[in-house]
Amino acid sequence: MKNKDEGRSAVDQAGGAQIVIDHLRSLCSITDPANEKLLTVFCGMLVNYSNENDSLQAQLINMGVIPTLVKLLGIHCENAALTEMCLVAFGNLAELESSKEQFASTNIAEELVKLFKKQIEHDKREMVFEVLAPLAENDAIKLQLVEAGLVECLLEIVQQKVDSDKEEDIAELKTASDLMVLLLLGDESMQKLFEGGKGNVFQKVLSWIPSNNHQLQLAGALAIANFARNDGNCIHMVDNGIVEKLMDLLDRHVEDGNVTVQHAALSALRNLAIPVVNKAKMLSAGVTEAVLKFLKSEMPPVQFKLLGTLRMLIDAQAEAAEQLGKNFKLVERLVEWCEAKDHAGVMGESNRLLSALIRHSKSKDVIKTIVQSGGVKHLVTMATSEHVIMQNEALVALALIAALELGIAEKDLESAKLVQILHRLLADERSAPEIKYNSMVLICALMGSEPLHKEVQDLAFLDVVSKLRSHENKSVAQQASLTEQRLAVES
């Protein structure tokens with residue numbers, strides 16, 4: 001190993017890389033066999049020189065090796081040994097972020113797709129795949145690959161391999177469908193393939209969802225989740241029956257199902273539920289019932305998406321929020337997940353859904369269910385979150401509890417030390433204006449409870465509130481005046 005590194009630094013000090021690249025450039029266009037052999041050796045030297053060494057790879061990229069190698073690949077595409085050496089070099093360089101912009105300014109996408117179409121053997125295609133995957137992480141190259149016709153090649157591979165049980169075919173099916181999903185992560189490439197929902201690619205991907213192949217079901221659901229990244233696409237897909245397909249897919253995976261497929265299908269439903277017009281349609285299609293079947297899941301990624309989907313669905317949908325909020329099984333599970341310390345995402349989403357059930361339903365029955373299940377203390381803790389949006393959602397939900405059902409929640413609010421927390425939020429200069437505003441609204445609402453009122457009196461709230469009367473935010477200043485009057489009258 002030592003000799004290898006010594007050799008490298010000797011070549012480096014002698015400016016060897018530049019010499020080799022200059023040779024490659026000057027000999028690039030000559031296609032006789034002896035010259036091609038020499039070019040292959042030169043490429044091999046560059047590969048060995050920079051292998052697994054980021055700084056030497058960066059050096060080659062700065063010397064402009066990428067356009068030269070791409071040109072080489074185009075001219076000598078008939079020479080198997082040389083194209084393979086080029087691919088190995090690309091594979092090395094493509095891992096570096098700095099290479100992607102250079103690749104994007106060449107016609108690498110076209111050359112690779114052309115090469116890919118010619119490969120019949122599995123191993124050779126695998127080599128091209130290994131270069132395509134890192135390159136396709138770049139949005140500009142994603143679009144170039146789509147325009148060069150890569151998607152059609154991938155769909156063809158899927159078609160050929162879908163019924164095979166040979167190991168290498170299964171591996172290739174996975175690689176092709178994964179790459180397809182990766183291409184859909186770019187906004188432009190995704191929109192181009194969606195073609196207003198009429199696109200051949202979109203239709204093909206739809207047909208993967210009902211297939212019997214888990215890998216295709218997974219890729220199909222992930223692709224739909226990627227297509228569902230803007231309102232127009234989401235509305236079109238819901239109007240054209242995608243929800244039923246996803247619900248059927250989920251249904252097939254309820255019992256000991258495939259966790260990755262569950263997660264992907266729920267991701268797609270969550271994204272589809274974002275546009276306002278889709279919510280009612282999805283609710284009446286029975287999405288909540290389909291999603292609730294996964295309440296017993298012990299898998300955090302599935303729990304996380306399940307919660308997100310329900311939260312999107314009930315946004316401003318009072319009736320649905322009330323129905324879910326009275327569902328004891330759901331609320332008890334949420335309270336349990338609010339304590340999932342190892343899974344911050346699940347914990348956060350559970351808290352947000354609890355708060356959303358109250359905020360969107362404004363229903364006494366929902367509040368009773370949540371109080372009885374022990375949810376109040378979690379909402380109080382959520383008011384101390386580091387995320388302003390979550391703090392705010394918690395304060396609004398607590399204000400509704402205080403306004404509608406203070407009697408039954410009083411003990412829980414007391415033992416969760418809500419009044420002390422509100423004092424801290426109001427005294428803290430870093431609290432956002434909306435946090436200060438909603439904290440004061442809540443203080444006023446708590447006055448209706450004797451023990452809580454007494455706590456408010458014991459902590460000198462008047463001082464903190466009167467300072468806020470001159471707050472730069474008009475709403476905060478106004479609410480401070482109102483709160484001060486209320487405190488003065490009731491002291």
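**Contacts, core and helices**

Reply: Leaving aside neighbours within four places in sequence, R125 is in contact (heavy atoms within 4.5 Å) with F116, Q119, I120, I157, Q160, K161 and E172. This is a predicted model, in which local features need pLDDT of at least 70 and side-chain atom pairs count only at pLDDT 80 or more, while totals for chains, interfaces and linings use all residues. Residues are numbered from 1 along each chain as its sequence is written, and side-chain values use heavy atoms, with hydrogens and water left out.

Me: Which helix is R125 in? And is R125 buried or exposed?

Reply: R125 is found in helix α9, residues 122-135, where helices (H or I, at least four residues) are DSSP runs numbered from the N terminus. R125 has 10% relative accessibility, so it counts as buried; buried means under 20% relative accessible area, exposed over 50%, and partly exposed in between, with a 1.4 Å probe and protein chains only.

Me: Changing topic, which residues touch the most other members of the largest nonpolar core?

Reply: They are F90, I224, F227, L246, L413 and L446, in a core of 167 residues. A nonpolar core is a set of buried Ala, Val, Leu, Ile, Met, Phe, Trp, Tyr and Cys residues joined through side-chain atoms within 4.5 Å. Helix α27 (residues 388-415) gives the most to this core, with 12 residues.

Me: What does F227 touch?

Reply: Not counting residues up to four places away in sequence, F227 touches L184, M190, L193, F194, F202, V205, N233 and M237.

Me: Now α18 and α21: at what angle do their axes cross?

Reply: The axes of α18 (residues 259-272) and α21 (residues 300-314) cross at roughly 20° and come within 9 Å; axes are lines fitted to C-alpha atoms, for helices over the stretch in contact, and angles run from 0 to 180 degrees between N-to-C directions. That angle makes α18 roughly parallel to α21, a term for angles under 35 degrees.

Me: Which residues meet there?

Reply: V259, Q262, H263, L266, S267, L269 and R270 in α18 meet P301, V302, K305, L306, G308, T309 and M312 in α21.

Me: Last one: where is A316, and what is its phi?

Reply: A316 lies in the loop between α21 and α22 (318-325), and its phi is near 65°, a positive value in a residue other than glycine. A316 counts as exposed because its relative accessibility is 61%.

Technical notes:
Helix = DSSP H or I, 4+ residues; strand = E, 2+ residues; numbered from the N terminus. Parallel < 35°, antiparallel > 145°, perpendicular 65-115°, else oblique.
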